[in-house]
Structure formats: structure tokens, C-alpha cells
Amino acid sequence: MKSIELLAPAGSPEALDAAIGEGADAVYLGLKDFNARLRSANFTYAQFEGALRSLHKMGKKVYVTVNTVFEQREADRMYQFLKYLNSQKPDAIIVQDFGVIEMCKKEFPSLKLHASTQMNIASARGANALSRHGVSRVVLSRELSLQELRGIKKETNLELEVFVHGALCISVSGICLFSSFLGGKSANRGMCTQACRRLYHRLDRSEGEGYYFSPNDLQLLERIPDLSAIGIKAIKIEGRMKSASYVGAVVSAYRLVADAVAGGDENDIQQSIEQGREILRNDFARPKTQFLFGGTLAETQKRRERREEGELEEGFSNKIDWLNPQQDGGTGISLGSILKFKTSGENRLALVTPPRGIKLSARDSVRIHRSDDSGRVSQKLTFAEKASGGGSAKGYWISAPEGSIGDHVYLIQTKEMRKRYAPVITQTTTGRGPGRDRAPICSLNIQSNKPKKGKDIFPEGLYIAVSRPEDLFIVQSSRPQWVILTLSQKNAKYLLADKNLLPFKPAEIILALDPWFPQDISNSVCAGYENESIENAVIAKKIKQLAEKGYHQYIVNNPGHFSMFRDIPESSAAKDKIKLIAGPWLYTFNSWSLSFVSSFEGVEGFVSPLENNRQNLERTLENQKFLRRKYFITVFAWPPLFNIREDLTSVLGFNSFADNKDEAFMLDSGYEGTRVYSKRHFSIVDKIPFLKEAGFGRFIIDLSGAPLKKTNYKDLMRALNENNGNIRPLPNSSRFNWKDGFYKT
């Protein structure tokens, strides 16, 4: 049997040496720009060129991460970077931005493209949509079960890559705004601050505090035979910010199992798994989980039913094995908290109490985690000695130039772990890097969609977005231009019911599709869908029926969405009436991504990403007066900060929480998962007059999320309509990135 490709992280030259030394088939690495781990060491151009030459001589592969979105002002730099990579010929580049795909397709067609997990591809529909644009491999979302992976493989010819080990994001990758909302450090720009792993408290301050969204680490060592059997091309280890010793240990464990699986002997496979487990016991990371690999929707449903019937207590009383709110954001072996300090010569020493059997030595590495969760610092010990009186129970005095009593300390590496590997980079060049070329002007072929007789497809005015059909009755009082309704499975069922009553006609309703679009799951236990797939199979089927009932306008937020509208039969009267709007989660931050998205059939409008800023929006649409008439700008919203494929309300036992600065958040949970929203709204409603002067005329008031209250809606509409159109800034609101843009290093 052919061996599955073992792909390892190389966040530094030392980690590269460890990965190759332990038998990785390929590595993925980033340079100084446009990669999703800007906080890791990364590679200079000279180091990259040296590594590329050496690895290709060894028969190893190199994939370069270009997996962030870029703004219009960065188009020249992106073009220069891609031209440089094209000249160096890595085995592939890993991309997130559709604009990178478009630029490569038009200017550098020989560059091989892999879709990053940041692109949020979780279905065969999504994979196949990218295949038509030259993508050869997809790094699938980590939230998928084996059953779903098997289904995807059956329905696509693309190479599939799956994460098997390392840190997990609580949110579905690619649709997280949490770090960006709190300070402009966007996960889509490689600047994630892991705000989800911080210390939080319930809004009523009952039940103490917790790390409510701090997951365990992924480990699928035991499932490599399953992944190989269904035809997964590559297994991927997370860890470009991890040490060389960590990378070496993990690669060695997975190399054992991958080789045994290729050999095909069942006894060898089981023995290699046991040996691999033993190696991974010392990886100094978090407790391990298989996450959602076995499928959890049935368990989620049972939890909800038990809580509704009063069988589960409030609080974190029904654990799931991948989440532990009692676990802080640290990794490594806990050495307990700092008990006290003393001074010895020039050393400031701290007393800690390691678990029985753990011995500490100078040159071990530790991480100190502030007790108030305000920060973390790593250091190599210059001093470590048992406390007087003997016995590990008495603790150790360790060097601690930083830290306070009560801070948590973790052992992250011992001096014995510093195994030396043969260097991969044996020779470097000057590594000139990219040149200074200007990017070609990206032609936007959208002019063919100009409205006839001057009539716009989507009229100017306010569009009100809500999550529930009952909320439509509240917003009808202000008679918005049209309304936008979230197309959940529950809402689809309601709209298709024979006797549903709505205050708006189907022609006045735009249905918004969720960006999280996973592969089918059959025989679901979710209420009302016992004999159907509850995820995109249901939505695909329902869209045909909804189109026949007159629902012809949709906001699409995932590449896989587009294919569902091709499923509508040519004979259907609704076929030519479908109008699509590219949603904010497609991240059209530049003219190249606009060009890519507009190539999909039926696209007649665009929603600016929530993270966008005015300067970038105007640069992207410079000299595009007609295109501005196709743009929708969200001017009010409670931003959905991250998406979780689990009903966390039934797990945590509450639906609102706050951080140590009393920034408040709320959970909106259901059978389809959980979204976390800020309780501080985003608002640029006072900028509407200026946006109109700039040629924009379609504005979204997004009230989706929590159930809409009539009084809150009336107050908002009153604020919009008073002072003869001279709208004032709303109090206690956030501008998000609108004024200052992304955080700049």
C-alpha cells in the first residue's frame, strides 16, 4: 500500500531539521509576509532558497503558506511575492484569499495551489468549486467526522489533506473575527491573539471563572489506518509556533504508524500505534482528543433533550472530551503555582511543586502564565534545585526573573529533549527575495450584468437582516427596502410550510446561507430531520423547493454554495430568476478576489466584509462607479465573533459571559452549533450620508443573533430617522476596523 504523505510544520530552520530528521515527507513553512503564523520565526529568503534546494535533492516536498487575505494596497506586494515563488518553484503554495487564486490563474499558472483550512472547505461541493479554478488540493476543516471525510472523498477527485495532531481552534477556521474585533489583530491576517483561550466569567459573576473556550489538542494517531483506507492524500501536523523538539517527537510517532499502515500488517500497525502513543506522552502539550472525528451530532441532540427535561444541572456538568474550562491557556506539564520567592546571589528564585516523579534541571524551559491571564512568558532555567528538606513534595527552587505569587508554571521542554539533527540548510545564497514589479490592473468583468433600462436588481435603501421569521413582524413597521433572513434548516422548514404567514413577499426576502457548510450526515437524530441529512444536503434540497415558491435572492458565503443553484433544473421557471449576492465571509478585500467571486454564475451583488475599512473599500472600487451600485455595506451589527460546531449552551449551562475588562458576549446555540456575539454593537450608521456621496446606496442593518426585541428596534430606527438625516454616532458602539483598518505591525 502506498504510504500516506506525512506533512510537518517548519516554523524555524531548527524545526525543519527535526521534521526531516524524523522522516517527514513534506514540510510547510512561511516567509516574512502573507502567512497565518506571522508570530513564528519563519524563514528569510536566503534560508528558504537553501532549504528548497536541499529538500528537493532529498526527494522531499516544500509547501509555502500564503494563507492570509490581502488588501488592495498590498496587490503589488502580493504580485511580487507570487512572482518570486514562481521563480523558486516550491511544490505548492497554500492559499486562503480567492484573490491569490485569481492572480495565480492569470499571471502564474504554473504555481500549484492548495486551499488552506482558512478557506473553510468542509464539503465536496466546496472542494469541487475550487477544482474548477485550478486548486489541486484542499486542507479540510478540522471539525469533520470520518463519515463526512469518506463522503467528501467519494464525491471529489481533489487531493485531500487532513490535520491529525496539534492545537485546535475553538472556532471553525476562516470564520473567526474574535481577535480582530478586540483589537484589529485578525486571524485572517496571521495575527490571531488566541483571545478565545483567555479567562472569562459568567455575566452574573456566579460560578467563578473559567477558560470556557480553551480546547484540548488534537491527536488522531490511532485513526491513521482509517484515513489511509478512505484515500486521504496527506496527514498534517499543526505546530509552526512549536519547538524543534516537539516537531521531532510528533513526526517520529506518526512516521511509525504511517509506515506500518503502508506495510499492511495488522500486528505491526497496532504495535506502532502503541509505540507512537508512548512517544506522544512526552510531547509537553495539552491533553489529547479526537475532537469531532467520531461524529457528535447525536450526542449534541441528547444533551439538549436532557437539559430541557431538567436532567442536567446548570454549569459545566456535561463534559465533552475536547473542552475543559478548568484548563488555562498554558501548555506543557504543570508545575503548579508559584508559592513564594527568594533571592540567592544574582538569582531571583521561585518555589514550585512539580508532580511526583518530575525532576527539574538548569537548561530546562518553562512558561509562566500570569494568574490574572494578562500574559505569558517563556524562559530557560539557569537554576533549578530541590527545596531544602528533600523530597519532590517539598518542591523546587527555580530561576524566575519574571512572575508573581500565584502565577502558573509549565515545563515545556527538558534539556534532554534537545536532540541534535543534521542541518537541512547546508548552503545559502543572498536570497534577494521579491522584486519591485507593479501588479497588472485586474479587469473586473462585471459590466455585462448592467441593469436594463436603468433599473437596479437590488434597489437602494436599508436592508434589515434577522435570524428568525417572527422577527420579520417586528421590522415591518419601518418598511425596509427588503429584508434578509438567515436560511437555517428550521427556517427553511418554516418557509416551505403550507400555512406560514409572513409580512413580506418572497420577492422582498433575501435568504442568507451560513458560511459553515459541512458535508452531508445521514440518519441524523435532529428533530424534524430523522430521515434526512441535516446539513448541506437538506439545504440543497430545500433551495430547489424555495426557488419554486418564489424565493429567488440568496447571500452565499462559501464556495460550495454556488453549486446548489446549478442543481435547479433547466426546465424550472425559477432557474433564470436566481440572483446571488457574494456574502461577507467570502472576503472580497481586493479587486482580484472580486474578479474571482464574480466569475460564479448568478452573482449580482457583494457584501463588504465586516473587517473591512473605508480606505480599502474605496481603493478596491476606485473608478468603479457602476460596481459601487452592486455593493452592500453593513452599517450596524452584533458581529458573530466565532462559530463552533457544538451546542455549547447545553454544555456550559449559560449563554452570556465577559472578559476581565467586562467586555460582554453572548452565545446563540442550537442544533447546528453555536455562534458567539459581542454585546457591543458595531455601528457606522452615522457614515451613511458620506457613503451615499461616495456612490454607495445599499446598507444592511444586521439584527441577527439573539431574538429581536421590539423596543430595541424602535430605538434604533428612531436614531436613524431623527435630525433630518443627520445621523449621530450611536452610543457604546464599536467602529471595528472601519476607521483604523487592520492592526499594523
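**Salt bridges and their surroundings**

Author: The count of salt bridges comes to 30, where a salt bridge is a side-chain nitrogen of Lys or Arg within 4 Å of a carboxyl oxygen of Asp or Glu. The model is predicted, so local features need pLDDT of at least 70 and side-chain atom pairs count only at pLDDT 80 or more, while totals for chains, interfaces and linings use all residues. Residues are numbered from 1 along each chain as its sequence is written, and side-chain values use heavy atoms, with hydrogens and water left out.

Lys106 forms a salt bridge with Glu102, and their closest N and O atoms are 3.2 Å apart. These two residues lie four places apart in helix H4, which means that about one helical turn separates them; helices (H or I, at least four residues) and strands (E, at least two) are DSSP runs, numbered from the N terminus. An α-helix has 3.6 residues a turn, so residues three or four places apart point the same way. Lys106 counts as partly exposed at 37% relative accessibility, whereas Glu102 counts as buried at 4%. The term buried means under 20% relative accessible area, exposed means over 50%, and partly exposed lies in between (1.4 Å probe, protein chains only).

The next pair is Arg277 and Glu222, whose salt bridge has its closest N and O atoms 3.0 Å apart. This pair links distant parts of the chain, 55 residues apart: Arg277 belongs to helix H10 (residues 266-280), and Glu222 to the loop between strand S10 (217-219) and helix H8 (224-230). Arg277 is partly exposed, with a relative accessible area of 27%, and Glu222 is partly exposed, with 21%.

In the salt bridge of Arg680 with Glu663, the closest N and O atoms are 2.8 Å apart. Arg680 is partly exposed at 29% relative accessibility, while Glu663 is buried at 16%.

Salt bridges also occur in a network, which links Glu5, Arg137, Glu159, Glu161 and Lys236.

The largest nonpolar core has 201 residues, of which Ile93, Phe213 and Tyr254 touch the most other members. Helix H9 (residues 244-263) gives the most to this core, with ten residues. A second, separate core of 17 residues includes Phe284, Ala350, Val352 and Val377. Such a core is a set of buried Ala, Val, Leu, Ile, Met, Phe, Trp, Tyr and Cys residues joined through side-chain atoms within 4.5 Å. Apart from residues up to four places away in sequence, Tyr254 touches several residues, among them Leu6, Val164, Leu221 and Leu280.

Phe284, from the second core, is touched by Thr414, which also touches Asp364, residues up to four places away in sequence not being counted. Thr414 lies in the loop between strand S20 (408-413) and strand S21 (461-466) and is buried, with a relative accessible area of 13%.

Leu351 has its place in strand S15 (residues 347-352) and is buried, at 9% relative accessible area. The C-alpha atom of Leu351 is 6.3 Å from that of Phe341, ten residues apart along the chain. With residues up to four places away in sequence left out, Leu351 touches others including Ile338, Leu339, Tyr396 and Trp397.

Leu501, in the loop between helix H13 (489-496) and strand S23 (509-512), is exposed, with a relative accessible area of 63%. Phe473, Tyr494 and Leu501 form a nonpolar surface patch with about 300 Å² of accessible area together. Patches are made of residues with over 30% relative accessible area and no salt bridge, like charges being joined within 9 Å and nonpolar side chains (Val, Leu, Ile, Met, Phe, Trp, Tyr) within 5 Å. Accessible areas come from the Shrake-Rupley method with a 1.4 Å probe, and for residues only the protein chains shown count as cover.

Key: Contact = heavy atoms within 4.5 Å.
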